[in-house]
Amino acid sequence: MSRFASQRGQAPVEFVGTLPLVLLAGLLAWQLVLVGHVAWDAAGAARSGARAALVGRDAGAAARAALPPPLRSGTRVVALAGGGVRVSVPVPLVVYRWRLPVRLSSAASLR
């Protein structure tokens, strides 16, 4: 019997070979979920800021308060003409404490 004819031990080698690709695909999927979550939070913060501006309160403070604490640092809030608010939130990476050079923005106006 040839030493190449045996298939013994092939499954663990294939598993070890494909494991990094599976982990990378999982991290990429989780990053896309995180981007969607940040977009949703930015839209909610913009609406909160617009509501606060409508009643004469600080739109920036209201918008930041509507965001989860990890997203508050680096967030930019700009008052627009007509009482609108634009919120720009940096997108964090799945890896803890890193940030992508990408920002998601959302604007809202209630007038």
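Q: Which residues does A45 touch, not counting residues up to four places away in sequence?
A: On that count, A45 touches A63, A66, L67 and V87. Contact here means heavy atoms within 4.5 Å. This is a predicted model: local features need pLDDT of at least 70, side-chain atom pairs count only at pLDDT 80 or more, and totals for chains, interfaces and linings use all residues.

Q: Why is A45 called buried?
A: Look at its relative accessible area: 0%. Buried means under 20%, exposed means over 50%, and partly exposed lies in between (1.4 Å probe, protein chains only). A45 therefore counts as buried.

Q: Where does A45 lie, and how many Å separate A45 and A66 in space, C-alpha to C-alpha?
A: A45 lies in helix α1. Helices are DSSP runs of H or I with at least four residues, strands are runs of E with at least two, and both are numbered from the N terminus. A45 and A66 are 5.1 Å apart, C-alpha to C-alpha, though 21 residues apart in sequence.

Q: Why does T75 count as buried, and why does R72 count as partly exposed?
A: T75 has 7% relative accessibility, so it falls under the buried cut-off. R72 has 35%, so it falls in the range in between. T75 lies in the loop between α3 (69-72) and β1, whereas R72 lies in helix α3.

Q: What makes D41 a residue with no salt bridge?
A: A salt bridge is a side-chain nitrogen of Lys or Arg within 4 Å of a carboxyl oxygen of Asp or Glu. Lys and Arg count as positive, Asp and Glu as negative; His and the chain ends are not counted. For buried D41, the nearest side chain of opposite charge is R47, at 8.2 Å. That is beyond the cut-off, so there is no bridge.

Q: What makes the link between the side chains of D41 and H37 a polar contact?
A: The two side chains are joined at 2.9 Å. A polar contact is a pair of N or O atoms within 3.5 Å; within protein, one must be able to donate a hydrogen and the other to accept it, and residues adjacent in sequence count only if both atoms are side-chain atoms. The distance therefore meets the cut-off.

Q: Which residues touch the most other members of the largest nonpolar core?
A: They are V38, A45, L67, L71, V87 and V89, out of 14 residues. α1, α2 (59-65) and β2 (85-92) each give two or more residues to this core. The largest share, five residues, comes from α1. A nonpolar core is a set of buried Ala, Val, Leu, Ile, Met, Phe, Trp, Tyr and Cys residues joined through side-chain atoms within 4.5 Å.

Q: How many bridges join strand β1 to β2?
A: Four bridges join β1 (residues 76-79) to β2, and the strands run antiparallel. Two strands pair if DSSP finds at least two bridges between them, so β1 and β2 qualify. In β2, V87 is the bridge partner of V77.

Q: Why is β2 largely enclosed by the rest of the structure?
A: Because seven of its eight residues are buried.

Terms used:
Residues numbered from 1 in each chain as written. Heavy atoms only, no water.
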